[in-house]
Amino acid sequence: MPVEPPPPLSNPRAARTRQALYDAAARLFVDRGYEDTTMANIAEAAGTSRRTAFNHFPNKGDIPMLWVRQMADSAIDVVEHGGTDDVAEGVRAYFRVISEAVESEPELSRQMMLGWTAALGPARYESQLLADIAPMLRDGQEHGQIDRGADVAVAARALSDVLQGAVFRWVREPDSVLHERVDSAIALVLRAITTRD
């Protein structure tokens, strides 16, 4: 079942409200923990009603999906403006931005991962990062940088799984350097699918 992050909002007021709810949730998750924060707490902290909160996030487990989407959107922006035509380097940059964002706010990241797990996200949904990674890999195939025999869907899942697994380990071992682990593992997967000169 594909995961659906909250759709972009064209109404500026609705977008501000969603962001206020997200920001309130992030603060509360850090202060109280994911499990001890209710949607009512989030609505109150955002200065809105519970009904409005549930209109934007039908359940608390949807908030970590927006967390991932915001990091992924930042990563896409870096890749698009990074000035490289090397697909492997673009993929590595994409995951580097995300892993560094996770590291930059360790307690928020820990709480978001706990929330995503509590909502059974890893078991119920495909990674939303696949929508970003697969087109990069297809582009690499078209330009002769990714092996034409490589299954892009499988490769994209493997790359996404590398990040998810590394983040889960980092949650347990917060003294490790996440972006270095992710970069090494992403490079390993990319070596298996890039063309040889």
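Helices here are DSSP runs of H or I with at least four residues, numbered from the N terminus. An α-helix has 3.6 residues a turn, so residues three or four places apart point the same way. The side chains of R69 and D73 meet in a salt bridge, with an N to O distance of 2.9 Å; a salt bridge is defined as a side-chain nitrogen of Lys or Arg within 4 Å of a carboxyl oxygen of Asp or Glu. R69 counts as buried, at 14% relative accessibility, and D73 counts as partly exposed, at 43%. For these classes, buried means under 20% relative accessible area, exposed over 50%, and partly exposed in between, with a 1.4 Å probe and protein chains only.

The model is predicted: local features need pLDDT of at least 70, side-chain atom pairs count only at pLDDT 80 or more, and totals for chains, interfaces and linings use all residues. Residues are numbered from 1 along each chain as its sequence is written, and side-chain values use heavy atoms, with hydrogens and water left out.

By the salt-bridge rule, the count comes to 7. One of these joins the side chains of R92 and D183, at 2.7 Å from N to O. This pair links distant parts of the chain, since R92 belongs to helix α5 (residues 87–104) and D183 to helix α10 (residues 178–193), 91 residues apart. R92 is partly exposed, at 25% relative accessibility, whereas D183 is buried, at 19%. A further salt bridge connects the side chains of R181 and E173 (3.0 Å, N to O). R181 is partly exposed at 34% relative accessibility, and E173 is partly exposed with a relative accessible area of 37%. Salt bridges that share partners join E89, R92, R96 and D183 into one network.

Pockets were located on a 1 Å grid over the protein atoms alone, a pocket being an open set of points where a 1.4 Å probe fits, with protein on both sides within 12 Å along at least five of seven lines; lining residues have an atom within 4 Å of a point. At least two lining residues come from each of α4, α5, α6 (106–118) and α9 (152–172), and α9 supplies the largest share, 6 residues. The lining of the largest pocket divides into 17 nonpolar, 4 polar and 3 charged residues, where Ala, Val, Leu, Ile, Met, Phe, Trp, Tyr, Cys and Pro count as nonpolar, Asp, Glu, Lys and Arg as charged, and the others, Gly among them, as polar.

The second largest pocket has a volume of about 230 Å³. Of its 13 lining residues, V79, T84, D85, V87 and D139 lie nearest the centre. Two or more residues of this lining are given by each of α4, α5 and α8 (130–142), with α8 giving the most, 3 residues. The lining of the second largest pocket consists of 4 nonpolar, 5 polar and 4 charged residues.

The end C-alpha atoms of α4 are 27 Å apart, in agreement with the 27 Å that its 19 residues should span at 1.5 Å a residue; the expected span is 1.5 Å times one less than the number of residues. The buried residues of α4 include W67, R69, M71 and V79. These buried residues of α4 pack against α1 (12–32), α2 (39–46), α5, α6 and α8, contact meaning heavy atoms within 4.5 Å.

Notes: Points joined across faces, edges and corners; volume = space filled by probe spheres on them.
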